[in-house]
Amino acid sequence: MESVTSATAPLSPAALAEAVAVETRLLLDPATGFGELFQSVHRLHTLFVAITGLHARDEMRAVFRSETRLPCGRAISMKHAAHCLLEFQRTAVFLRGIYQALTTLQQRFPGQTLDIVYAGCGPYATLMTPLLPLLRDLPLRLTLIDIHPQALAMAASIQTAMGFPAPELCAVDAATYRHPAGRTLHLVITETMRRALEGETQVAVTAHLVRQLHPDGILVPEAIELKTFHKWHRYTEEDVAPAQMQVPLAWRLRVDRTFLTALDDEALQNDADYAVPCGVIHLPAVGLQRHSLAVQTHITTFADHQLRDGECSLNEVVKLGARHFEEVGNDLATLLYVTGRPGLHIAGLKRPRV
Ligand SMILES: C[S@@+](CC[C@H](N)C(=O)[O-])C[C@H]1O[C@@H](n2cnc3c(N)ncnc32)[C@H](O)[C@@H]1O
């Protein structure tokens, strides 16, 4: 669909901003169908590739394909970060949430310049760049953070090519970033996560940044909820399905501002693995012989903008059967690793994280 060596002549800043705005309006509209969302993120991708030269699928240069290990988890490669744009439902629901968050902040802080920190922006700053042409009347100051300096330079190049001022750029681990003293932090945006919070740095980053956020400021995503259900499997043709094939379990973990603020600040700053107990999953008496334990990841970006099962890779449901466990009791203790190798640990699981 696109090529790295696009032969298209560069657009003027005004034309580029308008071309981006056309796509953003489509992405923000809840009536836009999946097919149109898909086409729209690909058109944005073509525009961004023409400026940055980084193609989310075809990029082969090693420097853009390597991830970085941080004390709080994995920062994925620039190529993979670019690819997030193409997860059309993810991109749309985040943009809708952020757009509404900014409108809300405008009402909460009338006349103030809104200070936005976008942690883990990747090479396109996908969760802010498309909104800029629609936010011309909103006074805002944008700080982009990414551990990969080339990603920051590329994200800034797209924004300046549209005629917007260069954002502030910080090539640091976002879990150590300090917002300048005396400046109110109104909005924190980050999507540095995988399903079941495995591997990446989301919890450590948000736990650190939320402490610097104004009490009336907004964190996007507002909440990430891990939930579980018990799912029956048919093994033979003769098996008769139970009335309820999927039974929701009581265990759940809500990672929101309240949860993040309660984490131990000192432990967050310490490079050693930091894990917090998150309760016990009680399995129904039949255990996992004919069932699996499913772990869901539901995301509320802001207000009622939500991503549910299967809507993007972040919502992939993880299914665990007896073969995934050394031993399965009916009460499975859980631990959420916030730093080190992040993710959810369930007692008895063969692999270290869900
Ligand atoms: C999943 S990608 C998301 C890219 C883009 N924000 C989006 O939503 O499309 C995460 C990005 O955050 C960066 N990153 C992850 N953890 C980080 C950290 N602790 N500090 C700085 N950058 C980080 C990665 O390098 C990568 O560019």
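User: Let us begin with A125: is this residue buried or exposed?

Analyst: Burial is judged by counting neighbours: a residue is buried if 20 or more other C-beta atoms, placed from the backbone, lie within 10 Å of its own, exposed if 12 or fewer, and partly exposed in between. A125 has 28 C-beta neighbours inside 10 Å and therefore counts as buried. The model is a predicted one, in which local features need pLDDT of at least 70 and side-chain atom pairs count only at pLDDT 80 or more, while totals for chains, interfaces and linings use all residues. Residues are numbered from 1 along each chain as its sequence is written.

User: Where does A125 lie, and what is its phi?

Analyst: Helices (H or I, at least four residues) and strands (E, at least two) are DSSP runs, numbered from the N terminus. A125 is in the loop between β3 (114-119) and β4 (140-145). Its phi is near 45°, a positive value in a residue other than glycine. L197 likewise is not a glycine and has a positive phi of about 60°. L197 belongs to the loop between β6 (187-190) and α6, and it counts as buried because 26 C-beta neighbours lie inside 10 Å.

User: Which residues does Y118 contact, leaving aside neighbours within four places in sequence?

Analyst: Two residues are in contact if their C-beta atoms, placed from the backbone, lie within 7 Å. On that basis Y118 contacts A125, L127, M128, L142, T143, L144, I145 and I189.

User: How is the contact between the two domains described?

Analyst: The domain bounds come from an automatic or database domain assignment. The C-alpha centres of domain 1 and domain 2 are 27 Å apart. The contact takes 32 residues from domain 1 and 30 residues from domain 2. On the side of domain 1 that touches domain 2, the elements giving two or more residues are α4 (88-108), α6 (202-210) and β7 (218-220), and α4 gives the largest share, 9 residues.

User: Which peptide bond is cis?

Analyst: The bond from V220 to P221 is cis, with omega near 5°. P221 is in the loop between β7 and β8 (223-232).

User: How many residues surround the ligand, and of which classes?

Analyst: A residue is near a molecule if its C-beta atom, placed from the backbone, lies within 6 Å of it. The ligand is surrounded by 24 residues, of which A81, C84, G120, G122 and T126 are the closest. Ala, Val, Leu, Ile, Met, Phe, Trp, Tyr, Cys and Pro count as nonpolar, Asp, Glu, Lys and Arg as charged, and the others, Gly among them, as polar. This shell divides into 15 nonpolar, 6 polar and 3 charged residues.

User: Finally, how does T113 stand in relation to R141?

Analyst: T113 and R141 are 28 residues apart in sequence, and their C-alpha atoms are 6.7 Å apart in space. T113 is in the loop between α4 and β3, and with 13 C-beta neighbours inside 10 Å it counts as partly exposed.
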